[in-house]
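Reader: I am new to this structure and would like to go through it step by step. Please show it first.

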Amino acid sequence: MDASQLLTDAFDRVQDLVAGVVEGLTPEQLAYRLDPGANTIAWLVWHVSRVQDDHVAGAAAALGRSGHSDQVWVEEGFAGRFGLPFPDAETGYGQSADEVGRVRGVSAELLNEYHERVHDRTTAFVNGLSGGDYDTVVDERWDPPVTLGVRLISVVGDVTQHVGQAAFVRGVVSRS
């Protein structure tokens, strides 16, 4: 198994988790907060999808892979469909509790559909990579500069952590 196959498997698992976390929940359940400062399932899944979309598109652009360098969020009209009060470039990173609470009225179907499209774009990109691509620097704003391999592992780690948080909140919502 090569690196692309391993990453595809990891992103496939995230997609399965996202689908399971939102399945059958109402917009009200998706917006449930454990306390006034807590993240909601809707925000967590939106954030997971936005981070993956943003970071993979940025990495593709750094590699000159134009077929994968546009964000699904904008290119496929999800920004308008979600109707959130944020700029299109927003990913949720560093948002306040008030901003988290603004991710409301979103259906499980829309959250899952967006993540599915991001997943499709991600796996198409990853499956087109070769071994040498993973050592390519995709972000020089850090010391040391971030390679494609490090960026993709970082995305897997971040989105997996947040999907786990969403699953925890779903468990609380389901028992309420």
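Author: The questions below go from the whole chain to single residues; the model is a predicted one.

Reader: What pattern of helices and strands does the chain follow along the sequence?

Author: The chain has 8 helices and 2 strands.

Reader: What radius of gyration does the chain have, and what would a compact globule have?

Author: The C-alpha atoms fill a box of roughly 50 × 35 × 30 Å along the principal axes. For 176 residues, a compact globule would have a radius of gyration near 16 Å. The chain agrees with this, because its own value is 16 Å.

Reader: Among contacts between residues at least 6 apart in sequence, what percentage join residues at least 24 apart?

Author: Of the 176 residues of the chain, 46% count as buried. As for contacts, those counted here are between residues at least 6 apart in sequence. The share that joins residues at least 24 apart is 72%.

Reader: Which element gives the most residues to the largest nonpolar core?

Author: This core has 50 residues, and those touching the most other members are I41, W46, F82, L111 and L148. At least two residues each come from α1 (3-22), α3 (41-62), α4 (72-75), α5 (78-82), α7 (108-127) and α8 (148-175). With 10 residues, the element that gives the most is α3.

Reader: Which residues does I41 contact, leaving aside its neighbours within four places in sequence?

Author: I41 is among the core residues that touch the most other members. Its contacts fall in two stretches of numbering. One holds V21, V22, L25, Q29 and L30. The other holds A166, V169, R170 and V173.

Reader: Where does V103 lie, and is V103 buried or exposed?

Author: V103 lies in the loop between α6 (97-100) and α7. Beyond four places in sequence, V103 touches T40, A42, W43, W46, L84 and F86. The cut-off for buried is under 20% relative accessible area. V103 has 0%, and therefore counts as buried.

Reader: How far apart in space are V103 and H47, C-alpha to C-alpha?

Author: In sequence, V103 and H47 are 56 residues apart. In space, C-alpha to C-alpha, the distance between V103 and H47 is 9.9 Å.

Reader: Which residues does H47 touch, not counting residues up to four places away in sequence?

Author: H47 is in helix α3 and is buried, with a relative accessible area of 4%. H47 and V159 are 112 residues apart in sequence, yet 8.4 Å apart in space, C-alpha to C-alpha. The residues that H47 touches are T91, G92, Y93, D158 and H162.

Reader: What is the relative accessible area of R50?

Author: R50 has its place in helix α3. Not counting residues up to four places away in sequence, R50 touches Q71, W73, D88, A89, E90, T91 and Y114. R50 is buried, because its relative accessible area is 0%.

Reader: How far apart in space are D53 and H119, C-alpha to C-alpha?

Author: D53 is in helix α3 and is buried, with a relative accessible area of 3%. Leaving aside neighbours within four places in sequence, D53 is in contact with D70, Q71, V72, W73, Y114 and V118. D53 and H119 are 66 residues apart in sequence, and their C-alpha distance in space is 8.3 Å.

Reader: Which element gives the most residues to the lining of the largest pocket?

Author: The largest pocket holds about 460 Å³ of space. Two or more lining residues come from each of α3 and α8. With 6 residues, the element that gives the most is α8.

Reader: Which residues are joined by a cis peptide bond?

Author: Most peptide bonds are trans. P144 lies in the loop between β1 (137-139) and β2 (146-147). A cis bond, with omega about 5°, joins D143 and P144.

How values were computed:
Residues are numbered from 1 along each chain as its sequence is written. This is a predicted model: local features need pLDDT of at least 70, side-chain atom pairs count only at pLDDT 80 or more; totals for chains, interfaces and linings use all residues. Side-chain values use heavy atoms; hydrogens and water are left out. A nonpolar core is a set of buried Ala, Val, Leu, Ile, Met, Phe, Trp, Tyr and Cys residues joined through side-chain atoms within 4.5 Å. Buried means under 20% relative accessible area, exposed over 50%, partly exposed in between (1.4 Å probe, protein chains only). Helices (H or I, at least four residues) and strands (E, at least two) are DSSP runs, numbered from the N terminus. Contact means heavy atoms within 4.5 Å. On a 1 Å grid over the protein atoms alone, a cavity is a set of points where a 1.4 Å probe fits but cannot get out, and a pocket is an open set with protein on both sides within 12 Å along at least five of seven lines; lining residues have an atom within 4 Å of a point. Grid points are joined across faces, edges and corners, and a volume is the space filled by probe spheres set on the points. The radius of gyration is taken over C-alpha atoms; the globule rule is 2.2 Å times the number of residues to the power 0.38.
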